[in-house]
Amino acid sequence: MEHRRLGSTGLRVSSVGLGTMTWGRDTDELEAKEQLDVFLDAGGTLLDTAASFCEGVSEEVIGGLLAEHVDRRDLVIVSKAGVRNWRTGARGTVADASRGTLLDTLDDSLIRLGTDHLDLWLVQLPDTTTPLEETADALRIAVASGRTRYVGVSNHPAWASVRAADLLASGSAAGPGMAAVEVEYSLLCRGIERELLPASRVLGFGVLGYAPLGRGVLTGRYRASTPPDSRGASPHLRSYVAPYLGESCVGVVEAVATAATGLDRKPVEVALAWARDAPGIAAA
């Protein structure tokens, strides 16, 4: 597997990452171990999680694998913070990027993962109630304290990503710089091409594109119906898949299926290769 520099940093990541959003809930510990083994055997290093994934259990599963199965140095671990109330069982949709919440969440993540540092730590969602200056200060503290090597943001619009990059830029305060922005990107979600990707080229931050399979829809699995064992039928993931099951997406899904047939490949391979190798994308 190809390994690429993340923006203008010295951090190198595999061109395909392994997401762990379902680890600890839909994916049990044995399945997670098997997925990780296949990923590592293929040359993968980039492992993506978040404090909000399965209310922290995703990180706990990774921590168990780090303790008993895989060397920490074989992985580039990405985690995210900035979603409030997940500990109490509420839906993890309330953004809180205040300094206290971010740093407390980071400490909790490190305990669950059983490591003393992350390779990349991201603010998961924009928080309109907290000044971006305060959020950036928490990121600087995290790097200065050694709790993470690199920092960035996730799911932020282009203007906020640019502002965060400016706040984190080196200067009189020797800022850590912004290593990456993680955003959704696939053949069904290409909005970042208008502003964010051009900004990344100018400012030098890397772009990680999540959900490259269009939340599973580009695999072709939903062309005829919604399989009962799919995410589209899952009570807690149905709403995640639903936006891409409408008529507006059918043409793209069919085009991917047609291309896959012509190339003697599977639709999942075509969709992933497109997102992985799109200009400006460090990893899918």
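The protein chain of this predicted model carries 28 positive and 36 negative side chains, and the centres of the two sets are 4 Å apart. In this count Lys and Arg are positive and Asp and Glu are negative, whereas His and the chain ends are not counted; each charge is placed at NZ of Lys, CZ of Arg, CG of Asp or CD of Glu. Because the model is predicted, local features need pLDDT of at least 70 and side-chain atom pairs count only at pLDDT 80 or more, while totals for chains, interfaces and linings use all residues. Residues are numbered from 1 along each chain as its sequence is written, and side-chain values use heavy atoms, with hydrogens and water left out.

The secondary structure of the protein chain consists of nine helices and 11 strands, where helices (H or I, at least four residues) and strands (E, at least two) are DSSP runs numbered from the N terminus. The radius of gyration of the chain is 18 Å, close to the 19 Å given by the globule rule for 284 residues, so the chain is as compact as a globular protein of that length; the radius is taken over C-alpha atoms, and the rule is 2.2 Å times the number of residues to the power 0.38. Along its principal axes, the C-alpha trace spans about 55 × 40 × 35 Å. The accessible surface of the chain amounts to about 13,100 Å², and 52% of this surface belongs to carbon and sulfur atoms; accessible areas come from the Shrake-Rupley method with a 1.4 Å probe, and for residues only the protein chains shown count as cover. Of the 284 residues in the chain, 50% are buried, the term buried denoting under 20% relative accessible area, exposed over 50%, and partly exposed the range in between (1.4 Å probe, protein chains only). Among contacts (heavy atoms within 4.5 Å) between residues at least 6 apart in sequence, 73% join residues at least 24 apart.

Helix α6 (residues 196-203) has L196, L197, A199 and S200 as buried residues. These residues cover an arc of only 160° around the axis, which places them on the same side of α6, the arc being that of the directions from the helix axis to the C-beta atoms. The face of α6 turned away from the buried side carries the exposed residues R201 and V202. The buried residues of α6 pack against helix α5 (158-168) and against strands β10 (180-184) and β11 (206-210). Just after α6, G204 adopts a positive phi of about 90°.

On the α5 side, A158 is located in helix α5 and is buried, with a relative accessible area of 13%. When residues up to four places away in sequence are not counted, A158 touches E195 and L196. The C-alpha atoms of A158 and S200 are 9.2 Å apart in space, although the two residues are 42 apart in sequence.

In helix α9 (residues 267-276), the buried residues are V270, A271 and A275. They span an arc of only 125° around the axis, which sets them on the same side of α9. An α-helix has 3.6 residues a turn, so residues three or four places apart point the same way. The buried residues of α9 pack against α8 (250-263).

The loop between α8 and α9 contains D264, which has a positive phi of about 55° although it is not a glycine. D264 is exposed, with a relative accessible area of 71%. A further positive phi, near 55°, occurs at A211, again in a residue other than glycine. A211 is placed in the loop between β11 and α7 (238-241) and is buried, with a relative accessible area of 13%. Most residues other than glycine have a negative phi.

R84 is in strand β6 (residues 83-84) and has a relative accessible area of 36%, which makes it partly exposed. With residues up to four places away in sequence not counted, R84 touches V94 and D96, whereas the C-alpha atoms of R84 and W121, 37 residues apart along the chain, are separated by 16 Å. D37 is situated in helix α1 (residues 29-41) and counts as partly exposed at 24% relative accessibility. The C-alpha atoms of D37 and A97 are separated by 34 Å, the two residues being 60 apart along the chain.
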